[in-house]
Amino acid sequence: IDSDAIVKGLLRGIPKRYPRLAPGELGYDADLKTYSYNPALAKKLLTEAGHPNGLQLDMSYWAGTYQGGRETAEAVTLYLKAVGIDAKLQGLDSGQIMETVRKSRTDESVRQIFVSAMPMANMDPIEALSAAYYSRSPFSVYRNADFDKQYELAASEPDSEKRAGYIKAAVQIMHDDV
């Protein structure tokens with residue numbers, strides 16, 4: 001997905017694009033780089049994952065919540081289609097999104113792919129990490145025990161410098177998972 005092209009062409013250059021945290025946010029890592037747009041690598045990875053002829057999937061976006069959300073999700077489906085992923089897109093309201101998230105917490109057969117703005121900038125990153133990624137959050141669809149450990153260390157650490165290190169480690173784990 002050419003995220004830079006989406007931000008520049010569709011969203012008129014706003015927001016600036018960072019790999020999770022922006023400069024000035026606790027735990028910001030200047031060495032962490034955004035993912036590059038590489039359709040050839042995407043096709044190779046699909047083949048290695050057992051999908052040499054592509055695949056079909058359902059994808060949702062949070063309808064009516066964020067300016068440009070539907071258009072961004074539509075652009076994402078076009079980038080996916082170019083590498084062989086046929087994404088059936090549907091807009092869901094808040095209640096439908098939360099119901100899907102709740103189901104996924106107890107039923108491992110529930111698969112969900114969302115295009116969504118993630119709450120990060122202008123917040124204490126620990127709050128956004130908790131809501132969106134901490135596996136014990138009722139809103140999280142992400143599961144990684146190493147991330148959870150770093151999050152818990154950060155959440156309980158009063159010293160800002162140490163807390164920043166734990167946040168940085170947690171974000172690096174998410175980045176590496178992708």
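How many salt bridges does a search of the whole structure find? The search finds seven, a salt bridge being a side-chain nitrogen of Lys or Arg within 4 Å of a carboxyl oxygen of Asp or Glu.

1. Basis of the note. This is a predicted model, in which local features need pLDDT of at least 70 and side-chain atom pairs count only at pLDDT 80 or more, while totals for chains, interfaces and linings use all residues. Residues are numbered from 1 along each chain as its sequence is written, and side-chain values use heavy atoms, with hydrogens and water left out.

2. Aspartate 4 and arginine 17. These side chains form a salt bridge with an N to O distance of 2.9 Å. Because aspartate 4 belongs to helix α1 (residues 3–10) and arginine 17 to the loop between α1 and α2 (39–48), the pair ties together parts 13 residues apart in sequence. Helices here are DSSP runs of H or I with at least four residues, numbered from the N terminus. Aspartate 4 is partly exposed, at 47% relative accessible area, and so is arginine 17, at 27%; buried means under 20%, exposed over 50%, and partly exposed in between (1.4 Å probe, protein chains only).

3. Glutamate 48 and lysine 44. Their side chains meet in a salt bridge at 3.0 Å, N to O. Both residues lie in helix α2, four residues apart, about one turn of the helix. Glutamate 48 is exposed at 54%, whereas lysine 44 is partly exposed at 48%.

4. Glutamate 71 and arginine 70. The salt bridge between these side chains spans 3.1 Å, N to O. Shared partners join Arg70, Glu71 and Glu74 into one network of salt bridges. Glutamate 71 is partly exposed at 30%, as is arginine 70 at 40%.

Notes:
Helix = DSSP H or I, 4+ residues; strand = E, 2+ residues; numbered from the N terminus.
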